[in-house]
Amino acid sequence: MALTTDLSRATPKGKTGAGKAGKGNAIPAARRGIRQRRERLFQWLFLVPAVVYMALFFGYPVVKNVVMSFQDYTTATFFTGEAPWVGLANYATVLSSSLFSTSLLNTALFTVGSIAGQFVIGLALAIFFQRKFPLNGILRSLLLLPWLLPLIVSSAVWRWILDKDSGTLNRFLGDLGVVDTGVPWLTSTSLALIAVVGVNIWIGIPFNLTILYGGLQEIPDELYEAGSLDGATGWKAFRHITWPMLRPVVSVVLVLGVVYTLKVLDIILGLTNGGPANSTQTIATQSYALSFAEFKFGEGAALGNVLVVISLVFAVLYLRASRRAVDE
Amino acid sequence: MKSANRKNRPLAVAVTALVGLPVLLSGCGTAPSSSSESVSEISVMDYYNNEPDKTFIGDALTACGTKAGVTIKRETVPGKSLISKVLQQSSSKTLPDVLMLDNPDLQQIAATGALAPLADFNISTDNFAPGVLSAGTYKDKVYGLAPTVNTIALFYNKDILAKTGVTPPSTWDELEAAAAKLTSGDQYGLAFNANPTYEGTWQFLPVMWSNGGNEKNIDTEETAQALQLWTDLVKDGSVSSSALNWTQADVKDQFLAGKAAMMVNGPWQIPSLDKQASLQYGVVKIPVREAGQTVVAPLGGEVWTVPQTGNKARQAKAAEIVDCLNSDENQLGMAKVRNTIPSKTTLADKFAAENPKLATFTELVKTARARTGQLGEEWPAQATKIYTAIQASLTGKASPAEALKQAQGQ
């Protein structure tokens, strides 16, 4: 409303100004200069909240974390404020630790396993819900539940389900006659990572389902109609219509998923605490243990930064993918 | 233009406010403090945030406050967030006047310089059990005192043992034999926790220490023998391999459900055990390798300290509160209601006679050892190595000796 009245008032003024051309040309130019400068100022003021917010809540922690990783930062630092500079010593300790390669491998397996499972199941469900059938909406919203539960609650419940002796899963499998003795889901070094990945897939499905479902809705029906005239139905329609049209959404889902999964901490802490014998230890859990259990804040920060760099690679991929999506 | 301008003004104000807010907030943090004022209120922070301990501790604090002529302003935080809260407060110089700490954390915090030595306030440290004092000591000065302490022992289900004809074990051989005999069907002979946290380390310490093992170097024959025992018990199936992921509360649940005939646990579980009227249980010391060895159990419990707040008058009042909490009457009273053990050895006999259920624990506390007694602030790193070795050995990734060697070398 304000904009339209402003415009209507401005137009006649502009006309009269143009009528007196030549004589008062300097005055509107100066006024325009002030006006432009004021606009500039307001543009900057509009930016200020965002800039301050980013600097306070993103810039400061990141810078602090980088600085901390070069210091011998201990519990005493909090009281005395003294943190001796140690250069790259923290990075050397952390990267040369025998646990680093284990954690790195586990992080990679955890991320790849989780993403693959979440994406495939999420996409299958999204396509399934494309069809029109009764209770579609209710079922779809029920599938969001894992997303709404606090992670610490989910992991506590899953810890019970996966218990070796009295867990529901083993009881179920036992009744079906699939297994004779309890499967040590969380206490076997070969199974624990698989179990943790399984739980994380369960948690990640709603995210994948929601975004992919949204992407599918965007694909115009006419394409499928035209395709069906040319004989493209079922798998062919998916291969030649759905998949190419969904590609931009897919790349965004995958890259965001990787960044989210790399830093997963609470689920692993709740389920296994990195055990048994470090078989579910990831860079995130290792960094947490260094900082908050052993009070080696410098080393914890160094390892945290390694994780940030890995995430950053995928963040850049995401930015490029989303830019391409906009271009298309 | 005019109307647009008017619309923008509130926004500009809001922006200025947003920018100014953090500055204002940070300015509020530093309140001036002078030492000449008379003290009428003492702030206290502890982690007894669950009932009934919350009330028991609160009542004792209030009574001590009344005695010292001050009101108590108490804050209880969850156990897990206490240390981060303390670190936060020490950097913003807002530590409470009286601070409770879990005993293995005391040296860590004392090393930062945030605590005042109790000798500055003439608090007596006479008659305390040696383990209790070593837990509260950093570099030869006592910084914290625990009114009551705890430790762990072997609980057994009287009915199951009687039915199977097993007597409570006192040596490792007896323990292995009993655990094997008590294992049948859904029921395991023994439950302990060997999870990858300090709790897993804590439960292993009795067998390690009683056999002469030392936390300074875990790559020794004595510690390997102890780890062999833990490993054999799991390998034989007398202990569920779920022990690798159990907490002490899970262990208690197994025992309560009759799924474990014996368990390693502490006296704080007694209230839940007593709630189940049908359960008859007994408590013995954790078995030793050879008869005649002394049981050395780890000391648990919380110490009360006086932080360096910079206000001498307040610190003196705070010290009075700490002293009062550690009086004989308070030790006996709190120990009885909280199922813990008075930390003064002079009170042990009287207490054990009045509370037969806690007699075994009272006996154990006399010789109990503080986890930080030898290593001080180095304890967390070494405790990590111990549970790393336990996990490697119990999962069969390495033999006990190898696992300990690898962990020590890390």
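Select helix α9 of chain B (residues 221–235) and then its surroundings: the buried residues of α9(B) pack against α7 (172–182), β9 (188–191), α8 (198–210), β10 (260–265), α16 (379–394) and α17 (400–409) of chain B, where contact means heavy atoms within 4.5 Å and buried means under 20% relative accessible area with a 1.4 Å probe, protein chains only. This is a predicted model, in which local features need pLDDT of at least 70 and side-chain atom pairs count only at pLDDT 80 or more, while totals for chains, interfaces and linings use all residues. Residues are numbered from 1 along each chain as its sequence is written, chains are lettered from A and ligands numbered from 1 in the order in which they are written, and side-chain values use heavy atoms, with hydrogens and water left out.

Staying on α9(B), colour its buried residues, among them T223(B), L227(B), W230(B) and V234(B). The 15 residues of α9(B) reach 20 Å from first C-alpha to last, close to the 21 Å expected at 1.5 Å a residue, the expected span being 1.5 Å times one less than the number of residues. Just beyond the helix, G237(B) takes a positive phi of about 85°.

From W304(B), move to M100(B), which stands opposite W304(B) in β12(B). Strands β3 (residues 98–102) and β12 (residues 302–305) of chain B run antiparallel and are joined by four bridges; two strands pair if DSSP finds at least two bridges between them, and strands (E, at least two residues) and helices (H or I, at least four) are DSSP runs numbered from the N terminus.

Finish at helix α13 (residues 328–338) of chain B, whose buried residues include L332(B), M334(B) and R338(B). The buried residues of α13(B) pack against elements including α2, β12 and α12 of chain B, and N339(B), which follows α13(B), has a positive phi near 55°.

Terms used
Buried < 20%, exposed > 50% of the residue type's maximum accessible area, 1.4 Å probe, protein only.
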